[in-house]
Amino acid sequence: MELTAPPRRRTGIRDADGMAVAAFVLGLLGLLVLNIILGPIAIGLALLALRRGTARRGRALLGLGLGIADLVVLAVLASADGTLSWSFG
């Protein structure tokens, strides 16, 4: 009797889908807090998900756009008042 492992499923697409969702969530969260960290991570994850052929292409593109928006918000904040954070008041 020979024991064989079950056939391996392709997890690359599922991983890419997870990266697309993570890019979207991190990009959205980055608009509120830690945009200097979360923006580049969102961009990187979105590009990696798109490169791996995610089925959630729209979500990856939204994550890419939100990651870029994070960096734009950071640049506007830095040029407006010379800080890298939100200030109320």
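This is a predicted model: local features need pLDDT of at least 70, side-chain atom pairs count only at pLDDT 80 or more; totals for chains, interfaces and linings use all residues.
A residue is called buried when its relative accessible area is under 20%. The chain contains 3 helices and 0 strands, in the order α-α-α from the N terminus. Among contacts with a separation of 6 or more, 65% join residues 24 or more positions apart. The accessible surface of the chain is about 6200 Å², and carbon and sulfur atoms make up 67% of this area.

Helix H2 spans residues 35–51. The buried residues of H2 are Asn 35, Leu 38, Gly 39, Ala 42, Ile 43, Ala 46, Ala 49 and Leu 50. Viewed down the axis of H2, these residues lie within an arc of 135 degrees, so they line one face of the helix. An α-helix has 3.6 residues a turn, so residues three or four places apart point the same way.

After H2 comes Gly 53, which has a positive phi, near 80 degrees. Thr 54 lies in the loop between H2 and helix H3 (57–81). The relative accessibility of Thr 54 is 11%, so Thr 54 counts as buried. The side chain of Thr 54 forms a polar contact of 2.5 Å with the side chain of Asp 17, and it also reaches the backbone nitrogen of Arg 56 at 3.0 Å. Leaving aside residues up to four places away in sequence, Thr 54 touches Ala 16, Asp 17, Ala 20, Ala 49 and Ala 60. Of these, Ala 49 is also one of the buried residues of H2.

Conventions
Residues are numbered from 1 along each chain as its sequence is written. Side-chain values use heavy atoms; hydrogens and water are left out. Helices (H or I, at least four residues) and strands (E, at least two) are DSSP runs, numbered from the N terminus. Contact means heavy atoms within 4.5 Å. Accessible areas come from the Shrake-Rupley method with a 1.4 Å probe; for residues, only the protein chains shown count as cover. The expected span of a helix is 1.5 Å times one less than its number of residues. Buried means under 20% relative accessible area, exposed over 50%, partly exposed in between (1.4 Å probe, protein chains only). The arc is that of the directions from the helix axis to the C-beta atoms. A polar contact is a pair of N or O atoms within 3.5 Å; within protein, one must be able to donate a hydrogen and the other to accept it, and residues adjacent in sequence count only if both atoms are side-chain atoms.
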